Amino acid sequence: MQKINIKGQNYQLPIYLPDATLGVARNLDSLDLLRVGLEGVMVNTYHLIQKPGEEILKKVGGIKKLMNWSGFVSSDSGGFQLFSLIQKNPELGKITDEGIVLYNGPKKQKKTLFTPEDSIRMQFTLGSDVMICLDDFSPPAANEKRIQESVERTIAWAGRAKIEFERQLKKHGFTAENRPLLLAPIQGHNHPKWREFCSQELQKIGFDIYGLGGWPLDENGKFDYSFCHKNAELTPKDSLRFALGVGTPENIVRLFFMGYQFFDCVLPTRDARHQRLYVFNSNPLELDREKLKLLTTENKLDEIFAHLYIGKGQFATDTQAVSEFCDCPLCQKKLGQPQVSRAYLHHLFKIGDGSAFRLASLHNLRTYTLLIEALRRA
Ligand SMILES: [Zn+2]
């Protein structure tokens, strides 16, 4: 089993981090996360610096203190959100070599500059375990010129982020054995030459983890496994790799066998809010790495899960557990009855009670941690 020590704490790999953009996995508190076996979360630097803000975060001692979260925290640089925002509405800002310029007013007068150094400094204020360098994110339809620009800027920004990271390590008194890790995303879209160049230049600077930057989707919008495989091969065999934003249970299993160990994704909680629940078709405790590898090779991973749309009328009177192979707080049985049955969860969604979101999220997240635990079983 692969382990990693960050800031003096051991974590097992692979690890899955749910989306907690604003310091909360929506509808769930930190105790909920522990109850379903989660060891880490992914927060967003840019959003947290807006709310609650840098001053409050400094005063309370960082995001872990605010959340009362003893686990792992990875923080996204905030770049992806800003790029998406500006791409949708160029009136809101522009990308320059110095950093991301944001216009505060409609006449583009007041400007805020968000630099690679700002992002790292703010991630130290958050107190993250894995910090992510600000990168230039080219849109999926970008031409080669734009891809080249994105790669060159990503490399330059990563170099600046590394210098700031080392400065902050000293300032905060971290030792080499007891420090956070720094991740650089590899950009270059699906252009082999630029992606390889980006990876080589980032390795010269030296990072703890290399991220899968860009969209892992082919021209038809389908998940592109060969793109992910090629990206993994761009760094040495024993590298730590983070599949940023990935993915479905099947994506996670396949990418784990390609050499990725870190995953973060909004899907289980987002699907839960849309009444889409994951159900194991067989007992996940009987799955291990070897069996999952075989299912991957035989292209049978889709046999592991089914989806259950809890809003459907057929569940109104279904008193079974959401999944017979799940031990989440809903599916656990007392005197043969699940704590929360399909019928009750269906009812809670129908009447629009907030608890439905929380309960469905707990179940879906437990499905993910059961899968991660199976991948750790050699
Ligand atoms: Zn469950």
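**Helix packing, a zinc site and some backbone exceptions**

Colleague: Which residues of H7 are buried?

Modeller: Helices (H or I, at least four residues) and strands (E, at least two) are DSSP runs, numbered from the N terminus. Buried means under 20% relative accessible area, exposed over 50%, partly exposed in between (1.4 Å probe, protein chains only). In H7 the buried residues are Trp194, Arg195, Cys198, Ser199 and Leu202.

Colleague: Which pLDDT do local features need here?

Modeller: Residues are numbered from 1 along each chain as its sequence is written, and side-chain values use heavy atoms, with hydrogens and water left out. The model is predicted: totals for chains, interfaces and linings use all residues, side-chain atom pairs count only at pLDDT 80 or more, and local features need pLDDT of at least 70.

Colleague: What arc do the buried residues of H7 cover around the axis?

Modeller: Take Trp194, Arg195, Cys198, Ser199 and Leu202, the buried residues of H7. They sit on the same side of H7, because their arc around the axis is only 135°. The arc is that of the directions from the helix axis to the C-beta atoms. So the value for H7 is 135°.

Colleague: Which exposed residues are on the face of H7 turned away from its buried side?

Modeller: An α-helix has 3.6 residues a turn, so residues three or four places apart point the same way. On H7, the face turned away from the buried side carries two exposed names: Pro192 and Lys204.

Colleague: How far does H7 reach from its first C-alpha to its last?

Modeller: H7 spans residues 192-205, 14 residues in all. The expected span is 1.5 Å times one less than the number of residues. That expectation is 20 Å, and H7 comes close to it, reaching 20 Å.

Colleague: What do the buried residues of H7 pack against?

Modeller: Contact means heavy atoms within 4.5 Å. By that test, the buried residues of H7 pack against helix H6 (144-171), strand E10 (181-186), strand E11 (209-212) and helix H8 (225-232).

Colleague: Which residues of H8 are buried, and what do they pack against?

Modeller: In H8, Phe227, Cys228, Asn231 and Ala232 are buried. They lie on the same side of H8, because they cover an arc of only 135°. They pack against E10, H7, E11, strand E12 (240-243) and H9.

Colleague: Which residues does Arg254 touch?

Modeller: Arg254 is in helix H9 (residues 249-258). Its relative accessibility is 14%, so Arg254 counts as buried. Not counting residues up to four places away in sequence, Arg254 touches Tyr225, Thr296, Asn299 and Leu301.

Colleague: Which protein donors does the zinc ion have?

Modeller: Donors are N, O and S atoms within 2.8 Å of the metal (3.2 Å for Na, K and Ca); water is not among the atoms, so sites may look incomplete. Along the chain, the donors of the zinc ion follow the spacing C-x1-C-x2-C-x31-H. They lie 2.1 to 2.3 Å from the ion: Cys326 (SG), Cys328 (SG), Cys331 (SG) and His363 (ND1).

Colleague: What is the geometry of the zinc site?

Modeller: Four donors count as tetrahedral if all angles lie between 85 and 135 degrees. Ideal angles for four tetrahedral donors are 109.5 degrees. At the zinc ion the 4 donor atoms make angles of 105 to 116°, and the site is tetrahedral.

Colleague: Is Cys328 buried or exposed?

Modeller: Cys328 is one of the zinc donors, through SG. Its relative accessibility is 0%, so Cys328 counts as buried.

Colleague: Where is the peptide bond from Val246 cis, and what is omega?

Modeller: Most peptide bonds are trans. The bond joining Val246 to Gly247 is cis, and Gly247 lies in the loop between E12 and H9. Omega there is about 0°.

Colleague: What is the phi of His189?

Modeller: Most residues other than glycine have a negative phi. His189 is in the loop between E10 and H7. With a relative accessible area of 8%, His189 is buried. Its phi is positive although it is not a glycine, about 45°.

Colleague: What is the phi of Gln275?

Modeller: Gln275 lies in the loop between helix H10 (267-273) and strand E14 (276-280). Its relative accessible area is 26%, so Gln275 is partly exposed. Gln275 is not a glycine, yet its phi is positive, about 65°.

Colleague: What radius of gyration does the chain have?

Modeller: The chain comes to 13 helices and 17 strands, and 54% of its 378 residues are buried. The radius of gyration is taken over C-alpha atoms; the globule rule is 2.2 Å times the number of residues to the power 0.38. For 378 residues a compact globule would be near 21 Å, and the chain agrees, at 21 Å.

Conventions: Four donors count as tetrahedral if all angles lie between 85 and 135 degrees; four count as square planar and six as octahedral if opposite donors are over 155 degrees apart and all others between 65 and 115; anything else is irregular.
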